[in-house]
Amino acid sequence: MSGDVAKSSSCERVKGGSVIVKDGEIIGRGFNSPPGNIENQKRCLNSKKDYDAKVTDKTCCIHAEERAMFDALRNNSEKIPGSRIYFTRLGSNGEIEFSKEPYCTICSKMALDLGIKEFVLYHEKGICSYGLEEYNELSFNYLPK
Ligand SMILES: [Zn+2]
Ligand SMILES: [Zn+2]
């Protein structure tokens, strides 16, 4: 279902979709795109190497998971604690791709702070569910393979 949401992404780098589920109900959903969907805020084709090290977040678009969390905060904030967040990425051909090991510390901190219980990713080895503290630790300790 997060794969379907990803189809709406307008990012030119990676299309991502995310849903947040609590007790079988989707309480938030999002896809990545420029902030405010403002076309001239699009930075997808910029190289991350051109930004200074101090620039906190070099990713071009608002992340799908951030959007899903904003959506849940707007519409179902009381249901967020104990919920589960799913993320799916699509390749350029629109097919679901395996996710990398956790590395986004923006989303890991935000989800942990909100009291989301589990983060679910689709890896080559299968669908993996992480507790949020573990997910945050793994994200900060990410090493490229
Ligand atoms: Zn983008
Ligand atoms: Zn993120």
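1. Is Ala 6 buried or exposed, and how many other C-beta atoms lie within 10 Å? Ala 6 is buried, because 25 other C-beta atoms lie within 10 Å, where buried stands for 20 or more such atoms, exposed for 12 or fewer and partly exposed for the values in between, with C-beta atoms placed from the backbone.

2. A word on the model and its numbering comes next. This is a predicted model, in which local features need pLDDT of at least 70 and side-chain atom pairs count only at pLDDT 80 or more, while totals for chains, interfaces and linings use all residues. Residues are numbered from 1 along each chain as its sequence is written, and chains are lettered from A and ligands numbered from 1 in the order in which they are written.

3. Ala 6 belongs to helix 1; helices (H or I, at least four residues) and strands (E, at least two) are DSSP runs, numbered from the N terminus. Apart from neighbours within four places in sequence, Ala 6 is in contact with residues including Phe 31, Ala 64 and Leu 90, contact being defined as C-beta atoms, placed from the backbone, that lie within 7 Å.

4. The largest nonpolar core has 24 residues, of which Ile 20, Ala 68, Ile 85 and Ala 111 touch the most other members; such a core is a set of buried Ala, Val, Leu, Ile, Met, Phe, Trp, Tyr and Cys residues joined through C-beta atoms within 7 Å. Among the elements that give two or more residues to this core are helix 1 (2–6), strand 1 (15–22), helix 2 and helix 3. Leaving aside neighbours within four places in sequence, Ala 111 is in contact with Glu 65, Met 69, Ile 85, Ile 116, Phe 119 and Leu 132.

5. The axes of helix 2 (residues 64–75) and helix 3 (residues 105–114) come within 9 Å and cross at roughly 25°, the axes being lines fitted to C-alpha atoms, for helices over the stretch in contact, with angles from 0 to 180 degrees between N-to-C directions. Helix 2 and helix 3 are therefore roughly parallel to each other, a term kept for angles under 35 degrees.

6. Two loop residues deserve a careful look. Asp 23, in the loop between strand 1 and strand 2, has a positive phi of about 50° although it is not a glycine, and Asp 23 is exposed, with 9 other C-beta atoms within 10 Å. Asn 37, in the loop between strand 2 and helix 2, likewise has a positive phi, near 55°, and is exposed, with 11 other C-beta atoms within 10 Å.

Technical notes:
Parallel < 35°, antiparallel > 145°, perpendicular 65-115°, else oblique. Contact = placed C-beta atoms within 7 Å.
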